[in-house]
Amino acid sequence: MNVESDKRTYMKKIIFVMLMLAGVASGAMASDRGKASTRDVISLVRNYNHHEGFEVISVGKLGIGLARMIAVANADEEEKAALDILRDINKVVVVSYDEAEKSRQDAFNLKMGKVLDGAEKIMEVKEEGESVNIYGTSVNGGESIDDLLIFIPESSTLVCILGSISAERIADLIEKANE
């Protein structure tokens with residue numbers, strides 16, 4: 001197995017997802033009605049993070065910036081462009097609760113479903129019995145996506161990318177990947 005080849009394949013998958021997000025964002029307009037309250041999501045996570053089986057990893061802007069700087073030092077131009085997308089990200093929160101009791105998993109999924117009800121769903125991908133639900137808020141006529149939430153209830157996973165992802169940076173990344 002070639003690690004460099006696997007790394008490039010993974011980066012191309014990320015680029016593909018970002019392309020999909022850029023395409024969807026460019027056609028969408030911001031709407032307060034469709035916006036999930038980031039505060040409500042984070043509040044729900046805080047309510048559950050002390051329960052056994054819930055693992056919460058939170059990385060702030062400084063941590064993201066340091067990780068980005070370290071990664072950029074060893075990256076080629078395509079990878080640097082991909083890492084540039086992180087520039088306007090303020091926080092990343094990853095929640096894994098697959099080791100929690102089934103009743104707690106179900107309760108969390110139900111409450112998260114209620115928090116996200118009516119939110120702007122950017123995309124839903126169903127594969128092998130799992131639903132990957134991606135939510136966000138397009139702003140400035142689709143120029144960027146704010147507060148991206150990736151919720152995979154069947155895998156007991158939630159990823160919150162708080163901040164802004166520029167559609168222009170995504171387009172630049174796609175252009176460099178196609179060169």
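A salt bridge here is a side-chain nitrogen of Lys or Arg within 4 Å of a carboxyl oxygen of Asp or Glu. In this predicted model, that rule gives a count of three salt bridges. The fold includes an open sheet of six strands with antiparallel pairing.

- Lys102 and Asp106 are joined by their side chains in a salt bridge, at 2.9 Å from N to O.
- Both residues belong to helix α5 (residues 102–116) and sit four residues apart, about one turn of the helix.
- Lys102 is exposed at 56% relative accessible area, and Asp106 is partly exposed at 37%.

**Salt-bridge network**
- Salt bridges link Lys121, Glu124 and Lys126 in a network.
- Between Lys121 and Glu124 the closest N and O atoms are 3.4 Å apart, while the Glu124 and Lys126 side chains meet at 3.9 Å, N to O.
- Lys121 (38%) is partly exposed, as is Glu124 (39%); Lys126 is exposed at 63%.

**Sheet**
- The strand order is β1-β2-β6-β5-β4-β3.
- β1 (55–60) and β3 (121–127) each have a single partner strand, so one side of each lacks a neighbour in the sheet.
- From one strand to the next, the twist averages 10°.
- Six bridges connect β4 (residues 130–139) and β5 (residues 144–152) in the antiparallel sense; Thr137 has Asp146 in β5 as its bridge partner.

**Helices on the sheet**
- Helix α2 (residues 38–48) packs on the sheet and touches β1, β2 (89–96), β5 and β6 (157–166), with its direction at about 150° to that of β6.
- Helix α3 (residues 61–73) also packs there, touching β1 and β2, and its direction makes about 75° with that of β1.

Note on methods: Residues are numbered from 1 along each chain as its sequence is written. This is a predicted model: local features need pLDDT of at least 70, side-chain atom pairs count only at pLDDT 80 or more; totals for chains, interfaces and linings use all residues. Side-chain values use heavy atoms; hydrogens and water are left out. Two strands pair if DSSP finds at least two bridges between them. Helices (H or I, at least four residues) and strands (E, at least two) are DSSP runs, numbered from the N terminus. Axes are lines fitted to C-alpha atoms, for helices over the stretch in contact, and angles run from 0 to 180 degrees between N-to-C directions. Contact means heavy atoms within 4.5 Å. Buried means under 20% relative accessible area, exposed over 50%, partly exposed in between (1.4 Å probe, protein chains only).
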